[in-house]
Amino acid sequence: MFTDAVDGLHERLNPYIISTDLDEPIVLLKGPFKLVGSISGTLASDLSFRWSPSIAVEFDGLFSEPHPVLDDARWYLEGISGDEFRVEVLTTGVSIGVDGCRVRGVLNKPLSLGTERFECLQFTLANFPDYAGDPVRYSSNGSLGFSRARLRLACDAAECLVDSIAEVRKLRETASRDAGFFISHVGEWRPKSGSMTAADASDVLRMLHFWFGFLRGAWTGPLLPRGVVGGVPKWRQFAPSKLRESREVRSWLPTSSPLNLDELFVGFCARWADNAWRSALITSIAWLVEANAPSAALESRIVLGQVAIDLLAWVHLVETRRMHSRSDFRRLSAAGRIRALFHDIGVPTNVPEYLEHLPELCRGDSYDGPGVITRIRNALVHATEDNRLAVESLKRPQLLECSQLVLHYLELCLLAVCGYHGRYARRGWRRGWEGDAETEVPWMKSQI
């Protein structure tokens, strides 16, 4: 019975990279290579993807020339053993010892190898959170099982599948305690046309970078993409990626509720296709990620988040819906602009009752959530004597809850403008079971 049930499930995507330790380097290309600059020689080194101390594609090996110098000449790495390529590099160090001359360096630009056209695009994600997706079957080390590992997304142009990698479950537990990166998921972008180019892949990867960054609340990939024909990789790209946070971060993404993001993905792709909205998504998600970093100061979270909401208000109300003229919109107060946006998209303006330290700040023109966050933001940005005294008078729990309220609002705005109707995780939840933080987006309740 169990075997029959498992056999009826889709097979999981085959992970082409399986991490065995945190921050484990990944060998991308086997050497030797040719290193060309003010002098040229053979470099006995592999090309590897490193995580620490910064994300980079690096080389480190013995150089055939005995006395290279780090000069102003441009240096290039060239393939000599099957893969023909030439890519600009930065030489970062030279050491001379009893075994010879060792040269270290990193790629200055992305390196692409292989054919220009392929059937589907594969990629990986790092430290992406767990979720309750569609079930898939898998076999590993002689065992057969299934898990709710699949995130299935679809839009007019393609289907996108993402599966968690069962083999790194224990590594995920380690990463929850100790900082460090690992490959957590494998994904595929399958164009409905059945074919795509390397240039198409570049555009898709850029969009997915912001899409998955929004889901996680931190940059997560895509990493080490490759193009596949008939199940065989025919194109690969090696490049450093913008990854800064390996620790777990808070996000709107529900982890306890069944996950269905089809509607959100369709809306996100539609917004991405619009030039004005693409720019707004890039900016607002980038600021969300920066503000959501555990190392970010509470003050910077409030400022970045409020400015991002203001940007979304302009694009939605002035450029898209044309509910306000440019001049009329500029005459509104910062809180008034946010209130107008919230009224149109269905986000409540009241301070959530579980944020217990903010209601005492709701007075005068700052009678609601938009009023509180803009008042504190203005006090932080316009550093008059009165504003500095006002900031100094804030209790830390008030500042903390204000930062969470700003990020809560920003996530809801992004979900709303992309047409999402589903569950989300509320920020600042401190009552009862953590899973109680997950609830329906507020505009769903208003439509009942």
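In this predicted model, a salt bridge is a side-chain nitrogen of Lys or Arg within 4 Å of a carboxyl oxygen of Asp or Glu.

Q: What makes the contact between Arg339 and Asp368 a salt bridge?
A: The side chains of Arg339 and Asp368 meet at 2.8 Å, N to O. The limit is 4 Å, and therefore the pair qualifies as a salt bridge. The partners belong to distant parts of the chain, 29 residues apart: Arg339 is in helix H8 (residues 334-345), while Asp368 is in the loop between H8 and helix H9 (369-381).

Q: Is Asp368 buried or exposed, and what value shows it?
A: Asp368 has a relative accessibility of 5%. This value is also under 20%, and therefore Asp368 counts as buried.

Q: How many salt bridges are counted by this rule?
A: The count comes to 22 salt bridges. One of them joins Asp60 to Arg102, whose closest N and O atoms are 3.3 Å apart. This pair links distant parts of the chain, for Asp60 lies in strand E6 (residues 56-63) and Arg102 in strand E9 (residues 100-107), 42 residues apart.

Q: Why do Asp60 and Arg102 fall into the class they are given for accessibility?
A: Asp60 has a relative accessibility of 35%, and Arg102 has a relative accessible area of 29%. Buried requires under 20% and exposed requires over 50%, so values in between are called partly exposed. Asp60 therefore counts as partly exposed, and Arg102 is likewise partly exposed.

Q: How do we know that Arg247 and Glu245 form a salt bridge?
A: Their side chains meet at 2.7 Å, N to O. Arg247 is partly exposed, with a relative accessible area of 39%. Glu245 is buried, with a relative accessible area of 10%.

Q: Which residues does Pro294 touch, and where does Pro294 lie?
A: Pro294 lies in the loop between helix H5 (275-292) and helix H6 (298-320). Not counting residues up to four places away in sequence, Pro294 touches Glu245, Arg247, Glu248, Val249 and Arg301. Its relative accessibility is 35%, so Pro294 counts as partly exposed. Pro294 and Trp314 are 20 residues apart in sequence and 29 Å apart in space, C-alpha to C-alpha.

Q: Why are the buried residues of H2 said to line one face of the helix?
A: The buried residues of helix H2 (residues 169-177) are Leu171, Arg172 and Ala175. Seen down the axis of H2, these residues fall within an arc of 105°, so they line one face. On the other side of H2, Lys170 and Arg177 are exposed. Strand E16 (183-191) is included in what covers the buried residues of H2.

Q: How do we know that strands E14 and E15 pair?
A: Five bridges join strand E14 (residues 143-154) to strand E15 (residues 158-164). Pairing requires at least two bridges, so E14 and E15 count as paired. The two strands run antiparallel, and a hairpin joins them through three residues. Arg152 stands opposite Leu161 in E15.

Q: Why is Asp83 placed in its class of accessibility?
A: Asp83 has a relative accessibility of 29%, so it counts as partly exposed. Asp83 lies in the loop between strand E7 (75-79) and strand E8 (86-97). Leaving aside neighbours within four places in sequence, Asp83 is in contact with Leu29, Leu113 and Arg236.

Note on methods:
Residues are numbered from 1 along each chain as its sequence is written. This is a predicted model: local features need pLDDT of at least 70, side-chain atom pairs count only at pLDDT 80 or more; totals for chains, interfaces and linings use all residues. Side-chain values use heavy atoms; hydrogens and water are left out. Buried means under 20% relative accessible area, exposed over 50%, partly exposed in between (1.4 Å probe, protein chains only). Helices (H or I, at least four residues) and strands (E, at least two) are DSSP runs, numbered from the N terminus. The arc is that of the directions from the helix axis to the C-beta atoms. Contact means heavy atoms within 4.5 Å.
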